[in-house]
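Student: Please take a close look at one part of this model for me. I would like to start with the place where the two chains touch, and then see what lies around it.

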Amino acid sequence: MKRLIFLLWLFATPLYAVEPDEVLTDPGLEARARSLSQELRCLVCRNESIDESNAEVARDLRLLVRERIMEGDADDEVLAFVVHRYGEYVLLNPRADGANLVLWMAGPVMLLIALGLGFGYVRRRSRASTPGFRALSADEKQRLDEILKE
Amino acid sequence: MIVELGHFALILAAVTAVVQSIVPLIGAHKRWSGWMAMGDTAAMLQFVLTAAAFAALTYAFVVSDFSVRLVYANSHTLKPMIYKISGVWGNHEGSLLLWVLILTLFGACLAWFGGNLPPTLKARALAVQASIAVAFFAFMLLTSNPFVRMEMVPFNGQDLNPLLQDVGLALHPPFLYLGYVGLSMAFSFAVAALIEGRVDAAWARWVRPWTLAAWIFLTIGIALGSWWAYYELGWGGFWFWDPVENASFMPWLLAAALLHSAIVVEKRESLKAWTILLAILAFGFSLIGTFIVRSGVLTSVHAFANDPERGVFILIILAVFLGGALTLFAARAAVLEAKGVFGMVSREGMLVVNNILLAVACFVVFIGTIWPLVAELFFDRKLSVGPPFFNMAFTPFMVALGALLPIGAMTPWKRGKLGRISRPLVPALVLAIALAGLVWAMQTERTLLGPIGLLLASWMVFGAIFDLWTRTGRGDRNARLRRLRNLPGADWGKAIAHGGLGITMFGIAGLTAWEVEDIRVVQLGEQFSVGAYEMVLEEVHDIEGPNYLATTGTVRVTRNGNEVTVLHPEKRIYPVARMPTTEAAIDYRFLRDIYVVLGDPQDDGGYTVRSYIKPLTNWIWLGCILMSLGGLASLFDRRYRVASGARKTKAVPAE
């Protein structure tokens, strides 16, 4: 039920993520390839990185990433290359530009606003005088009258 | 016949809900006690009828009545009995029926246990609860009827998705729904209180245990789902920041915030408006979660278009309830005045910080979850928001929460001094730093994540222990130990739950920092080493299960020549559903799991084997269990019952 569609995709091809034949011999380069794979989305899956995905296209993309690394690209050059080819949809970590700034700034800005409001509230409470006797509300007065009449 | 009776019961329940959403409301307004009391009867009747409908559907699944479309689409005669039963809610229509069953159960509980509530508040809450039920009954009967028959009765069913044929996942939805829907109670009471224009300690005293219960269920439900993903999906991930996961996580965060703010309302009669708002939002996020999962809108905008009827219906429900409640809130919130006076450094102040962190964290998850949709609709950008974003944007809030928690937990009500509060915590901090330093020196990796996770976790755990110890007062050790045993359930619950959160955080940090992964082609009998362990793939053979075929391997794991365990990873094929699954073999231990997955046979006779050493994984779930137990301990605090009894005696002369 929960991940049904995504799982159907996942198991449609009985392949596994990162196959032994893909692994680069240089462990340093391989580590870079793995961390880059975790930032790239499998195009046909539901919210899965190409590092986790078993789909054929994810494998192609993993091989592409390793190819670019072997060509001597830096990490951001590899990402730029993949984005140029497939669009920014492949980036699991959305770029902080244009409208996306709203996404990135939402948390910190909201935190500042909330802290400001919270600070204001606590300060008001700390300066408030202890309320003494509160006058009865109209509702309560009416109810009191009812009771007294009985 | 039984199926038709179930269908009929469902319709009757819907009619009862309509009556219950109107009559008690009028009764409360006019103060007609008979009309108000009707709500109790209706709530119980509604529950009995819905339970009958649910039983009828379960019966259809158990006897494999394939003339019912839902049974045909989700069951099979060969399926084991437990999965025939869990198949009832392993699909859209059935899970909605379970949702409504739980909703009516909570309504009935309110009728049963709500004897000491002010009658108007109770009648109004019952009416609000029923109006939620009306919406969902209508949704079910109009768009997703589980009792629809087939014109031609097929010989056998299409089987349940094999991945769902699993104990963890059989129990996952009921717990999650108990949590989601449990928050409806807080919502109904919030709306009822807004109609009454009055929120007091008694209100909070009633809302808090229900929110706590809902939060416990959510915790268990989320932990079960995450555990299932860990052992079933084949690479041992436990959290993916998937929209459906976020859908359950957001109500959890808000419920946690609500639990804490309700304490302030109960003890200090402050934060009233905010608590009401939280109660509305917490259930609102449950509805948003239902919308996200049921409409598929976040999978892709196009999935939404495939079934717009259902999606639009839930969107309308969401708009009516959330919009209506928020409008009411805007109109009436000013009536709710705060009474308590407290200083900057005070328990109240610290709980405000807790609420800010939890609520903003929830907001971050929300923005991240819906951003792809917003970007596509308004900015024409097709983009993804995945784990890297959430890890970066969400984690700081949890770190801040963990760092402040032990201090906040020890701050006295009304007014405190930082120096006085922190003195008993110094040993906790010293211990935490020492432990983290030790681990940092011992580890071979250069990562800081593990030690920092441990620092935070042990600070929280030791902080909770020292907090409990401080509560026992002064005197010799024996007297304090005796008093420790007699501390109220809520004190124990608080310490256990806070420690549990720390343990979960450490589990996550440890697993992320120290996991060892190995992927290779292995020949039969070939030895290879993973981390500190040696493994041998001894043999591979085929076996036949009740409704699947499997290839199973035998992997012997040793360490320095001593046998550790023998694992049997499997690859299964479910012929009816035509779907392969992997069954990872896991050796669960306290400090680490060994996790082995058998892959495809290679041309040269070997097999792909993926093996992992996953340190501290079980701590993630251990922490969740502790959090739930802590919640349970608070729930059974004697003071709830004593105080509710006291209120009752006080209420009698007033009537």
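Tutor: Start at the interface. Here 55 residues of chain B are in contact with 43 residues of chain A. Two residues are in contact if their C-beta atoms, placed from the backbone, lie within 7 Å. Which elements of chain B give two or more residues to this side? They are α9 (243-268), α13 (347-378), α14 (387-410), β1 (516-522), β7 (579-583), β9 (592-601) and β10 (607-615) of chain B. Helices (H or I, at least four residues) and strands (E, at least two) are DSSP runs, numbered from the N terminus. The most comes from α13(B), with 12 residues. By class, the side of chain B that touches chain A has 31 nonpolar, 17 polar and 7 charged residues. Nonpolar means Ala, Val, Leu, Ile, Met, Phe, Trp, Tyr, Cys or Pro; charged means Asp, Glu, Lys or Arg; the others, Gly among them, are polar.

Keep in mind that this is a predicted model: local features need pLDDT of at least 70, side-chain atom pairs count only at pLDDT 80 or more, and totals for chains, interfaces and linings use all residues. Residues are numbered from 1 along each chain as its sequence is written, while chains are lettered from A and ligands numbered from 1 in the order in which they are written. The predictor gives the complex an ipTM of 0.84 and a pTM of 0.89. pLDDT is the predictor's confidence in each residue, from 0 to 100. For chain B its mean is 88, and 95% of the residues reach 70 or more. Residues 642-655 of chain B stay under 50. For that stretch the model has 6 contacts beyond four places in sequence.

Now step back to chain B as a whole. It has 21 helices and 10 strands. A compact globule of 655 residues would have a radius of gyration near 26 Å, and chain B, with 27 Å, agrees. That radius is taken over C-alpha atoms, and the globule rule is 2.2 Å times the number of residues to the power 0.38. Along its principal axes, the C-alpha trace of chain B spans about 85 × 75 × 55 Å. Of its 655 residues, 55% count as buried. Buried means that 20 or more other C-beta atoms lie within 10 Å of the residue's own, with C-beta atoms placed from the backbone.

Chain B also divides into domains, with bounds from an automatic or database domain assignment. They are domain 1 (1-165), domain 2 (179-337 + 344-409), domain 3 (410-515) and domain 4 (517-617). The C-alpha centres of domain 3 and domain 4 of chain B lie 38 Å apart. Their contact takes 6 residues from domain 3 and 7 residues from domain 4. On the domain 3 side, 3 are nonpolar, 2 polar and 1 charged.

Last, look at the partner. Chain A has 6 helices and 0 strands. Of its 150 residues, 31% count as buried. UniProt, in an unreviewed entry, lists residues 101-122 of chain A as "transmembrane region". UniProt positions are given in the numbering used here, feature names are shortened, and annotations may be inferred rather than shown by experiment. In the model, residues 101-122 of chain A are 100% helix and 0% strand. The end C-alpha atoms of that span are 31 Å apart.

Definitions and conventions. Buried ≥ 20, exposed ≤ 12 C-beta atoms within 10 Å, placed from the backbone.
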